[in-house]
Amino acid sequence: MQNSGNPMKRISTILLGSFFILIFLSCQQEQGNLTSVSQENVYVFGVWKAPTAKSAKQTLADVSARIDDYTNIQLPLTIAQNEERTALKDSESKHTETETVYRTLPYSTAVAPETLLPKDDEITDWVRAGKPTTYNTETLYRDRVVPTKIYHHYGFQRQAEVEYQSPKFGSVPFILLEIFDMGTPENAFGIFSTNSYPHPKFEWVGCKAIISGKSLRFWKGKYFIQIEGYAIATGIRKGMIAIARTTAQKIQDPPQKVPLLELLPTQHIRGSEKLFYTNWALREVYKAAPNIIPQLTDETIGILAQYKGTRSQKSADPYIVFVIRFPNVADAQSAFEQYSHALMAEKTPFETDSQNGAILIDEQSIEP
């Protein structure tokens, strides 16, 4: 019978192999492609492309704490409202108290967008180049090749536009102003966020306008405003800003912030915040989303933002933190279970947190 070899040598080989496996997994984690997800109350939240397991777990803990604070702030008002209707006693009904609460943004200006278009005597050196044009949900951009699906996904109601010209530049129109009634401030921010990008140049108009190339965009109240300059020139840029300021003054709503953004950790990359309602919109605003994502419904609302890793982390790509609100706890639990099972079904290494059920998985191992 042949000798099977030195037992100590075999043990050393196994330990050495395990060491290299740990190093390999560590390197994969440093590549920044870890996904971690959890569920609490009506929220499913998580992180994509996290550079390390530690950063992913810290992010989930941060969001969880914010959810607790967010719910506790609203709970007294919810209880007071429910007490006026009926005394809820069983634990299931008490869950309903927190499930039905979501602070939507109020708005005071609710006029047709065409009434908000500045007139000739309201802007120095700029006048209308023609009559305003209006569009509804059936006719939006029928006269030009412009994708409209994204507007409808964010609740588009009505649009009005008009061109402006200046005697300083002759009789040729150089600026197009478009005002979209999006139905709610959340929708207005949502469509605005689809045009936002990291580290934009801001102008203090409305809820901060983004200026990029020949475009200026902002939202205020339930309106999304888009201004296009037909040429790049200092005088035209100043005219765009003047038109934006005059338009913003007509909307009698203060600058606001979508409440759901309060659930995201601080220090996100400026301009990276996105709001979405559907899986289609999520993939539109975040093209690099993993192949497997939570399944949204008609009643969900989600937000995400980009974050930079620490200097010690080698990954150059930012990681993403997302929070999705479902209409009730049962729907949130179901969505979390389906998402978790889909991730684990890929037969890749994962771990679960025994305390909160959070899943941590290496997306690097999942084939596209």
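# Loops, strands and rings

Visitor: Where does Asn41 sit?
Guide: Asn41 is in the loop between strand S1 (34–40) and strand S2 (43–50). Strands (E, at least two residues) and helices (H or I, at least four) are DSSP runs, numbered from the N terminus.

Visitor: Before we go on, what kind of model is this?
Guide: It is a predicted model, in which local features need pLDDT of at least 70 and side-chain atom pairs count only at pLDDT 80 or more, while totals for chains, interfaces and linings use all residues. Residues are numbered from 1 along each chain as its sequence is written, and side-chain values use heavy atoms, with hydrogens and water left out.

Visitor: Back to Asn41, what is its phi?
Guide: Asn41 has a positive phi of about 55 degrees, although it is not a glycine.

Visitor: And why does Asn41 count as partly exposed?
Guide: Because its relative accessibility is 22%. Buried means under 20% relative accessible area, exposed means over 50%, and partly exposed is in between (1.4 Å probe, protein chains only).

Visitor: What about Asp125, where is that one?
Guide: Asp125 is in the loop between helix H3 (91–99) and strand S3 (127–128). Asp125 is not a glycine either, and its phi is positive, about 75 degrees. At 38% relative accessibility, Asp125 counts as partly exposed.

Visitor: Switching to strands, which way do S9 and S10 pair?
Guide: Strand S9 (residues 215–220) and S10 pair in the antiparallel sense, over 6 bridges. Two strands pair if DSSP finds at least two bridges between them. Ser215 has Glu228 in S10 as its bridge partner, and Leu216 stands opposite Ile227 in S10.

Visitor: What is in the turn between S9 and S10?
Guide: The two strands form a hairpin with 2 residues between them, and Gly221 in the turn has a positive phi of about 60 degrees.

Visitor: How many residues of S9 are buried?
Guide: S9 is mostly covered, with 6 of its 6 residues buried. Ser215, Arg217 and Trp219 point one way, and Leu216, Phe218 and Lys220 the other way. In a regular strand the side chains alternate between the two faces of the sheet.

Visitor: And S10, how many are buried there?
Guide: In strand S10 (residues 223–229), 6 of the 7 residues are buried. S10 also runs antiparallel to strand S6 (residues 175–181), joined by 7 bridges. Ile175 stands opposite Gly229 in S10.

Visitor: New topic: how many aromatic pairs are there?
Guide: The structure holds 14 aromatic pairs. One of them is Phe189 with Phe192, a tilted pair at 6.5 Å centre to centre with 40 degrees between the planes. Rings of Phe, Tyr and Trp (its six-membered ring) pair if their centres lie within 6.5 Å; planes under 30 degrees apart count as stacked, over 60 as edge-to-face and the rest as tilted.

Visitor: Where do Phe189 and Phe192 lie?
Guide: Both are in helix H5 (residues 185–194), 3 residues apart, about one turn of the helix.

Visitor: Which residues do ring pairs link into a cluster?
Guide: Tyr135, Tyr141, Tyr151, Phe156, Phe180 and Phe224.

Visitor: Last one: what lines the second largest cavity?
Guide: Gly213, Lys214, Ala231, Ile232, Ala233, Ile236, Arg237 and Met240 line it. A cavity is a set of points on a 1 Å grid over the protein atoms alone where a 1.4 Å probe fits but cannot get out, and lining residues have an atom within 4 Å of a point.

Notes: 1 Å grid on protein atoms, 1.4 Å probe; cavity = no way out; pocket = protein on both sides within 12 Å on 5 of 7 lines; lining within 4 Å.
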